[in-house]
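Here is a short report on one chain.

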Amino acid sequence: MALPAFQMVFGYGYQGQLLIDATWNALWVAMTSVGMIFGGVVCGTFSDLWGRKAGMLLGSILSTISMAVQYIAGSASVLLAGKIWAFPSAIILFLTILPESPHYLMHKGKLEAAKKSLKTLHTPQYNISLAISSLQQESIAEAITSQSSFSTGLLGNVLMWIAMGYISHQPMLFTSTLVNLIILLTVGIAGIFSAYKSVMLYITIMINFM
């Protein structure tokens, strides 16, 4: 942010030099991260409702608008507003040829559309039937865990809060870190046998538990 033209628009004069206000500089940098979080929530929700392509299209459009706002910005506050969205808008060029996500289509119960999408994404040698079976297992596992993930997380937090009343923080943190490490290790090993339905269910439950 030390370009002369940028300093002339957004900087201020001090002892014969053009400087950028540190507060605005920090806000511009931070707003990009905030925009990524906000955009992830909005586009993620939109993608679950209308499809992955629709979510990417929304993100690309908003990012394009953001860049336009930054280009015409004449004040620090307008530039800040333009930094809300951070998304690779160039991806919009590929949305016309990219098929919808097979995972999303299976989640919505569109079996034939999911098969067509897989055929578009892979070579003729790809085992479509095996992929469909795997996607079906994932959908079933997600349906099961989505009903219990909130209650499991709430129960875990309550138990942790109660345990901290009897055990000091350091052993508790060490134990929780060790448990997470063991779970990640078992999930990694289980991934080798992901063709089995019970293994996929275990992986999904453990990931949601964490």
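Which helices are included in what covers the buried residues of H2? The cover includes helix H1 (4–10), helix H3 (52–72), helix H4 (76–82) and helix H5 (102–107). The model is a predicted one.

**The covered residues.** The buried residues of H2 are Trp28, Gly35, Gly39, Cys43 and Ser47.

**Length and ends.** Helix H2 takes in residues 22–50. Its 29 residues, at 1.5 Å a residue, should span 42 Å, and the end C-alpha atoms lie 41 Å apart, so the two values agree. Glycine 51 follows H2. The phi of glycine 51 is positive, near 115 degrees.

**The chain as a whole.** Nine helices and two strands make up the elements of the chain. From the N terminus on, their order is α-β-β-α-α-α-α-α-α-α-α. The table gives values for the whole chain.

| Property of the chain | Value |
|---|---|
| Buried share of the 210 residues | 24% |
| Share of contacts with a separation of 6 or more that join residues 24 or more positions apart | 56% |
| Accessible surface | about 14,100 Å² |
| Share of the accessible surface belonging to carbon and sulfur atoms | 71% |

Definitions and conventions: Residues are numbered from 1 along each chain as its sequence is written. This is a predicted model: local features need pLDDT of at least 70, side-chain atom pairs count only at pLDDT 80 or more; totals for chains, interfaces and linings use all residues. Side-chain values use heavy atoms; hydrogens and water are left out. Helices (H or I, at least four residues) and strands (E, at least two) are DSSP runs, numbered from the N terminus. Buried means under 20% relative accessible area, exposed over 50%, partly exposed in between (1.4 Å probe, protein chains only). Contact means heavy atoms within 4.5 Å. Accessible areas come from the Shrake-Rupley method with a 1.4 Å probe; for residues, only the protein chains shown count as cover. The expected span of a helix is 1.5 Å times one less than its number of residues.
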